[in-house]
Amino acid sequence: SYPFLEIIGEAGSGKSTLVEFLWKLVGRRDYEGFDPSKSTAAARARNFAQVSGLPVVLIEGDRDTDTAKQRAFDWNELKTAYNGRSVRATGVKNGGNETREPPFRGTIVIAQNAEVTSSDAILQRLVHLSFDKAAHTPETKALAEQLERMPVEAVSGFVLAATTREKKVLEAVFERVPAYTDALLAHPEIKSVRIAKNHAQMQALVDALRHVVKLTDEQHRQTKDLLVEMAIERQRAINADHPYVQAFWELFEHVDSKTTEESINHSRDPELIAVSLVEFEERLARRGLRLPCDMTEMKRHLRTSRVRRFIDIKTVNSRITHASKKCWVFRLER
């Protein structure tokens with residue numbers, strides 16, 4: 001399996017500078033990645049099949065613009081790439097039933113301002129790096145500009161150094177991943193085997209990197225310690241609801257009445273919540289309240305609700321009006 005790297009952070013925090021510099025290490029200049037929300041399925045499939053041993057970098061697939069919301073990229077398209085399988089099958093034009101499913105032989109980097117919002121299956125595949133401007137100084141700005149000006153010729157020898165040491169690199173990874181995985185799973189907060197394995201692979205790669213470039217013992221230790229913290233944070237992210245979803249349920253509790261006549265929970269089943277989002281918005285407006293984002297964006301996040309798990313959008317027989325009502329249905333936490 002190939003863990004996906006997610007690099008997120010506010011504009012100007014250094015994501016593009018980092019990604020473009022990493023491309024220089026493998027000899028590619030003036031490139032960051034491509035926007036999947038502006039690409040057709042065929043174009044995306046070709047991008048994934050073009051190379052092996054190199055990443056595919058997806059940029060700004062979750063932008064907050066109205067156009068992006070209308071054409072939002074479904075991250076679940078990437079699930080098969082995690083295990084090296086094809087992201088898209090195409091028919092072979094020969095009059096027969098043959099299909100072509102080129103395997104994926106690289107890894108995926110996602111670089112954007114907002115965190116990826118998707119199913120648990122995708123979120124567990126991510127190794128998450130968050131950038132901000134908190135530590136930016138004139139000195140760090142000068143260093144970043146040095147990276148930007150650095151010519152490809154000065155650093156592209158990295159790919160040659162890595163490939164000529166391929167045996168040692170692979171031995172380090174294959175030998176150490178099982179022990180690192182077990183150590184992460186022994187942590188009381190880490191429950192997901194996939195999260196443990198992904199971050200264990202990254203720890204083993206840090207070991208392998210010492211065969212290619214010089215790392216001090218302190219740099220090596222701090223990086224591996226950081227990966228443990230990242231694994232814990234990823235597990236917490238999987239367990240928790242998105243902040244927008246948390247805000248939604250706080251508002252729901254605030255405006256929902258315990259009396260049947262004034263309630264906005266139409267479910268007859270005490271273990272379910274059935275809420276009409278149109279009615280909910282109207283109730284908020286009457287009280288001078290509002291959602292933390294527009295309803296289109298909120299619907300996208302509500303599908304990921306965990307504490308009150310999203311079940312379906314369907315018509316229910318309302319316990320309030322005794323008539324049919326189209327509702328979003330969730331299961332109450334136990």
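Is Glu 153 buried or exposed? At 57% relative accessibility, Glu 153 counts as exposed, where exposed means over 50% relative accessible area, buried under 20% and partly exposed in between (1.4 Å probe, protein chains only).

## About the model

This is a predicted model, in which local features need pLDDT of at least 70, side-chain atom pairs count only at pLDDT 80 or more, and totals for chains, interfaces and linings use all residues. Residues are numbered from 1 along each chain as its sequence is written, and side-chain values use heavy atoms, with hydrogens and water left out.

## Salt bridges

The structure holds 15 salt bridges, each being a side-chain nitrogen of Lys or Arg within 4 Å of a carboxyl oxygen of Asp or Glu. One of them joins the side chains of Glu 153 and Arg 29 (2.9 Å, N to O). Glu 153 sits in helix H6 (residues 152–155) and Arg 29 in the loop between H1 and H2, so this pair ties together parts that are 124 residues apart in sequence. Helices (H or I, at least four residues) and strands (E, at least two) are DSSP runs, numbered from the N terminus. Arg 29 is partly exposed, at 44% relative accessibility.

Lys 325 and Glu 279 also form a salt bridge, with their closest N and O atoms 3.6 Å apart. This pair too links distant parts of the chain: Lys 325 is in strand E9 and Glu 279 in helix H12 (residues 277–286), 46 residues apart. Lys 325 is partly exposed, with a relative accessible area of 24%, whereas Glu 279 is buried at 17%. Within helix H10 (residues 217–239), Glu 218 and Arg 221 lie three residues apart, about one turn of the helix, and their closest N and O atoms are 2.5 Å apart in a salt bridge. Arg 176, Asp 207 and Lys 224 are linked in a salt-bridge network.

## A buried glutamate

Glu 6, in strand E1 (residues 4–9), is worth a look on your screen. Glu 6 is buried yet has no salt bridge, and the nearest side chain of opposite charge, Arg 234, is 4.1 Å away. For charge, Lys and Arg count as positive and Asp and Glu as negative, while His and the chain ends are not counted.

The side chain of Glu 6 does make a polar contact of 2.7 Å with that of His 128. A polar contact is a pair of N or O atoms within 3.5 Å; within protein, one must be able to donate a hydrogen and the other to accept it, and residues adjacent in sequence count only if both atoms are side-chain atoms.

## Nonpolar cores

The largest nonpolar core has 47 residues, and among those with the most contacts inside it are Phe 4, Leu 58 and Trp 75. Such a core is a set of buried Ala, Val, Leu, Ile, Met, Phe, Trp, Tyr and Cys residues joined through side-chain atoms within 4.5 Å. A second, separate core of 20 residues includes Phe 248, Val 275, Phe 310 and Trp 328.

## Helix H13

The buried residues of helix H13 (residues 295–302) are Met 295, Glu 297, Met 298, His 301 and Leu 302. They cover an arc of only 155 degrees around the axis, which puts them on the same side of H13; the arc is that of the directions from the helix axis to the C-beta atoms. At the N-terminal end, Asp 294 caps H13, with a side-chain oxygen 3.0 Å from the backbone nitrogen of Thr 296.
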